[in-house]
Amino acid sequence: MRVDLGNILSTTPGVSEASLERLDEQVAAAHETIEAGRADAEHGYAALNLPETADPDAIRAAVEPFESPEAVVTVGIGGSALGAATLSAGLSGPDDPEAYYLDNVDPEHVTRLLDSLSLSETVVNVVSRSGTTAETLSNFLVVRDAMESAGVDWTERTFVTTGEEGNLRNLAAKHDLPSLPVPDGVPGRFSALSTVGLAVAAIQGHDLEALLAGAQAEADRLSGSLFESPAYAYGAASYALANRGALTNAMMPYSEDLEYFAEWFAQLWAESLGKDGLGQTPARALGATDQHSQLQLYRAGPRDKLVTLVRPTERDDRAIPETDLEGLSYLGGSSLGDLLDAEFEATEASLAAAGVPNIRVEIDDVDERGLGELLYGMEAACVLYGELAGVSTFTQPAVEWGKRAARGLLGGGDFEEADAVSEKTQLVVE
């Protein structure tokens, strides 16, 4: 992974090289804290050890009974789905089993998906550390019922990824289901390189060792200086810009294969850093599509944004046919890849010319190694940002509040958070 900070040095907001050098002293101290947390496998920091602690052989063994399905449906939410979705979207080829994700409880969507699948040829992966996540367990009960109604033995088509205790662990023991453990000390949004994220990639036949090797390459580059570590360069620069008013971070990959990556990044950044009145709001965009929908705002709107431009430098290409249409002859003989690169560089230059801070992030290719580098790099960047900001990066109290409120509304217990619903102020216009 490569990070270019050149377009934040003369922008508004922006930083100077001198200010980055001063910040580097704080980066050094934060790195010591991070390394100590990794050494002790402390909660959260343990996620940065996954390139060494994840076991590809155990993952492949757990999914071996499900050889060559037509589809795999992951039933999970948030970090229990987004990491796996990023990998399957980025790596899937035409012969891979289709990967689907039930990460919402929209009844019409769930029904449409189940009706579209050959359930006898579908594998179901149920993911929840606690085994009590309401959305996940509700969707699983619906999927199980659909399988039973279709005459499919769901116990032959299901595996679970969960913690050491809880409803899903008990279910796996009762029905002798294949299972994978959610690793200790790894929050869901940091679990893409663990059993949580890698199981679907294993079913699809992707190279887990290459994914972890890419992640390890970025881990090996973590150091006490932002000028020596791309991950820390990104995290420190984002933090510095947020302090200067860039409170929105528009993540804009120039690859359809990385569209889900922007979704994953949004959870990572928002849930980890949005604490104590601090944080940087992630916005999701896609190049070049959103040059025609969002770039106007980024370039000419409020000066409160950082734009992160991500691209692979290698990709399969497709030629643009020659044409005699007036005004379009310049396109003939070029390629779609050439055009996309031109769009990327034009957007970058357009933002810089308007004084809008933007950071270029590049990987060689959207393949196993490249995705391993990118995912690990952004996780490490997020952890560093949290250290610099002094927030509790690995907790999510606002999310837990909402879970308790919803459970109380559904009759799952007496939770004072549910009372807030009846106290809602109304101003209805009909």
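Q: At what angle do helix H11 and helix H14 pack?
A: In this predicted model, local features need pLDDT of at least 70 and side-chain atom pairs 80 or more, while totals for chains, interfaces and linings use all residues. Residues are numbered from 1 along each chain as its sequence is written, and side-chain values use heavy atoms, leaving out hydrogens and water. H11 covers residues 259-273 and H14 residues 368-389 (DSSP runs numbered from the N terminus: helices H or I, at least four residues; strands E, at least two). Their axes (lines fitted to C-alpha atoms, over the stretch in contact for helices; angles run from 0 to 180 degrees between N-to-C directions) lie 10 Å apart, and the angle is about 20°.

Q: How are H11 and H14 oriented to each other, roughly parallel or roughly antiparallel?
A: The angle between them is about 20°. Angles under 35 degrees count as roughly parallel, over 145 as roughly antiparallel, 65 to 115 as roughly perpendicular and the rest as oblique. H11 and H14 are therefore roughly parallel.

Q: Which strands stand at the edges of the open sheet?
A: Five strands line up as E3-E2-E4-E5-E6 with parallel pairing (a pair needs at least two DSSP bridges). Two of them have a single partner strand each, so one side of each lacks a neighbour in the sheet: E3 (98-102) and E6 (179-181).

Q: Which residue in E5 stands opposite Val127?
A: Strand E4 (residues 122-128) runs parallel to strand E5 (residues 158-162), and five bridges join them. In E5, the residue opposite Val127 is Thr161.

Q: Which residue in E8 is the bridge partner of Ala250?
A: Strands E7 (residues 248-253) and E8 (residues 281-284) are parallel and share four bridges. The E8 partner of Ala250 is Ala283.
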